[in-house]
Amino acid sequence: MDLRFSPKDEAFREEVRSWLDANLPADWRHRGVGGYREEEEESIQRDWQRRLYEGGWLKLDWPADDGGREATPVQLAIYQEELSRAGAPPIIGRLGVTLLAPLLRVFGSDWQKQTYIEAILKGDLVFCQGFSEPNAGSDLAALKTRAEKRDGRWVLNGQKIWSSGAHYSDGSFLLARTDPEAPEHKGIGMFLVDMHQPGIEVRPIIQMTGSGEFCEIFLTDAQVEEKDLVGGPADGWKLAMATFGFERGGLANASRFERAVAALADLARARGAGSDPLVRQQVAQAHIEAQIFRLTGLRNLTKAQQRQVPGPEASLTKLYWSEMDKRMQETAVGLQGMYGALAPDSPWSIEEGRWQYGWMWSLAETIYAGSSEIQRNIIAERVLGLPRGR
């Protein structure tokens, strides 16, 4: 086993680092424990996306015919890792860039490609995702939002939930049921919905972090032109599955967790707990788990480089990192003693409340993108071959 990167890949890493040194302002960088608070940093995220677009980074793994660099999975992972190490902010339109634009490149009509792709990548158009519903989260195929054809247009009625960034989005790539009589996975369409029309109401959901980037979307006779239907009226499920296929796991999270472990050790020393045997074991365990996560990421990256299709073992990665991060954040908050009970914005909070904010986010991590319970079921049934429990 050779865990080293090739000379070509290391040269690519240096290219990324040099570009970041020249283009990422110092005051835009963060320490990666609590992350950016979206409602406070929208302008930075928008400006950063434009810089990445102009630098040619947002089509890194696209074919050359579409303006890309045809980067390998390893190079894409290196790019993501270097962004994380540099503390780069997220981009304002990340769902549109990472999910919708690649989907339209493959499945969109010529009009959709010409109208949307470049505008999405530049950040001129920001799209949110309209998939989950109050009674159709883990069971997405049970969605109830309806799309009816009237006078040559589609009219949508229903509700979406947990839609990140909907409150500042221009559009939504949204699933709706086009045929209520069809089997669950069949009668679904995907629509590009104008979020600025009268039939759309967005309600931010204020979380315990104080943030409201997750939103509810209410559709009341919202209208969509036929040209904004992606594929056919029954292609929504196929397109949704293709969208999930564009989600890439790389080394960015591994880098983030390694930096968090180093910060955790610094916190333990600063709080005078560095000699406590229990604390030392907790910090060492966090370090071990972070290194295991990196090795797991390299294994997955090897499969991607060999063009192997990701399987249900991806659930192992999601379950592992989300539960690991929760343990790490709990250790950090516990190290602070009574100060750990302070809100992140308290003037007396340690390190500007970064660990409290990170701890609250870590609780959500075990729910979004597939809850830990769902992931354990997938692992049990599809990886270990255990019988279904129901």
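## A first look at this predicted model

Leu316, Val383, Leu384 and Leu386 together make a nonpolar surface patch of about 340 Å². Areas come from the Shrake-Rupley method with a 1.4 Å probe, and for residues only the protein chains shown count as cover.

This is a predicted model, where local features need pLDDT of at least 70, side-chain atom pairs count only at pLDDT 80 or more, and totals for chains, interfaces and linings use all residues. Residues are numbered from 1 along each chain as its sequence is written, and side-chain values use heavy atoms, leaving out hydrogens and water.

Two residues show the contrast between buried (under 20% relative accessible area) and exposed (over 50%). Helices (H or I, at least four residues) and strands (E, at least two) are DSSP runs, numbered from the N terminus.

| Residue | Place | Relative accessible area |

Leaving aside residues up to four places away in sequence, Asn157 touches Thr145, Arg146, Arg150, Leu219, Thr220 and Asp221, a contact being heavy atoms within 4.5 Å. A polar atom of the Asn157 side chain lies 2.8 Å from the backbone nitrogen of Asp221.

Stepping back, the protein has 11 helices and 8 strands. Buried residues make up 48% of its 390 residues.

How values were computed. Patch = residues over 30% accessible without salt bridge, like charges linked within 9 Å, V, L, I, M, F, W, Y side chains within 5 Å. Salt bridge = Lys/Arg side-chain N within 4 Å of Asp/Glu carboxyl O. Buried < 20%, exposed > 50% of the residue type's maximum accessible area, 1.4 Å probe, protein only. Polar contact = N/O pair within 3.5 Å; in protein donor to acceptor, adjacent residues only side chain to side chain.
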